[in-house]
Amino acid sequence: GTTYIVTLILSGDLEVESPIVRLSREASQLAEGLHTEVEDLKAQLSNEQAEVARLRADVARLTEKVSGGSGELTKANEDLASASGELAICRGKLKALGKQVEDVGKEIEQKRGELEEVVGERERLYGKIGE
């Protein structure tokens with residue numbers, strides 16, 4: 001039996017792979033698989049880094065908008081406070097003018113009463129003169 005195997009090996013009909021050659025071949029196949037996996041992971045990492053960069057740009061843009069909106073809101077609040085102050089001043093002036101109109105109305109009524117007295121007195125005088 002041993003002679004038969006040796007004959008087959010020497011004739012080249014039986015291929016015997018040494019454990020070192022087999023382990024070397026398997027290690028090479030494993031290394032190729034790992035190399036492919038590493039390349040896939042590098043591509044995935046590159047895509048993820050591009051996505052992170054895009055998201056950072058979005059965050060920066062949104063932060064800028066929020067800051068701008070916050071500034072606009074502050075300005076609007078200042079304008080509102082100013083307008084409220086002006087409105088209070090106008091209300092005060094309107095109230096004062098209302099009081100003046102009321103006072104002028106009273107004065108007109110007083111003058112009308114005085115005028116009626118003068119007209120009545122004049123009519124009495126003319127009535128006495130005419131008698």
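How exposed is Arg22, in terms of relative accessible area? Arg22 is partly exposed, at 34%; this class lies between buried (under 20% relative accessible area) and exposed (over 50%), with a 1.4 Å probe and protein chains only. The legends below describe a predicted model, in which local features need pLDDT of at least 70, side-chain atom pairs count only at pLDDT 80 or more, and totals for chains, interfaces and linings use all residues. Residues are numbered from 1 along each chain as its sequence is written, and side-chain values use heavy atoms, with hydrogens and water left out.

**View 1. The whole protein.** Two helices and zero strands make up the secondary structure; helices (H or I, at least four residues) and strands (E, at least two) are DSSP runs, numbered from the N terminus. Helix α2 covers residues 19-130. Of the 131 residues, 1% count as buried. The protein exposes about 11700 Å², and 60% of this area comes from carbon and sulfur atoms. Accessible areas come from the Shrake-Rupley method with a 1.4 Å probe, and for residues only the protein chains shown count as cover.

**View 2. The salt bridge between Arg22 and Glu26.** Ten salt bridges are found in the whole structure, each defined as a side-chain nitrogen of Lys or Arg within 4 Å of a carboxyl oxygen of Asp or Glu. In this one, the side chains of Arg22 and Glu26 meet at 3.5 Å, N to O. The two residues are separated by about one helical turn because they are four residues apart in helix α2. Glu26 is partly exposed, with a relative accessible area of 35%, and Arg22 is also partly exposed, at 34%.

**View 3. Arg54 and its salt-bridge partners.** The side chain of Arg54 forms a salt bridge with that of Glu51 (2.5 Å, N to O). These two residues lie three apart in helix α2, about one turn of the helix. Arg54 is partly exposed, with a relative accessible area of 42%, and Glu51 is partly exposed at 32%. A salt bridge also links the side chains of Arg54 and Asp58 (2.9 Å, N to O). Arg54 and Asp58 are four residues apart in helix α2, again about one turn. Shared partners join Glu51, Arg54, Asp58 and Arg61 into one salt-bridge network. Asp58 is partly exposed, with a relative accessible area of 21%.

**View 4. A nonpolar surface patch.** Leu115, Val118 and Val119 make a nonpolar patch of about 250 Å². Patches are made of residues with over 30% relative accessible area and no salt bridge; like charges are joined within 9 Å, and nonpolar side chains (Val, Leu, Ile, Met, Phe, Trp, Tyr) within 5 Å. Leu115 is found in helix α2. With a relative accessibility of 53%, Leu115 counts as exposed.
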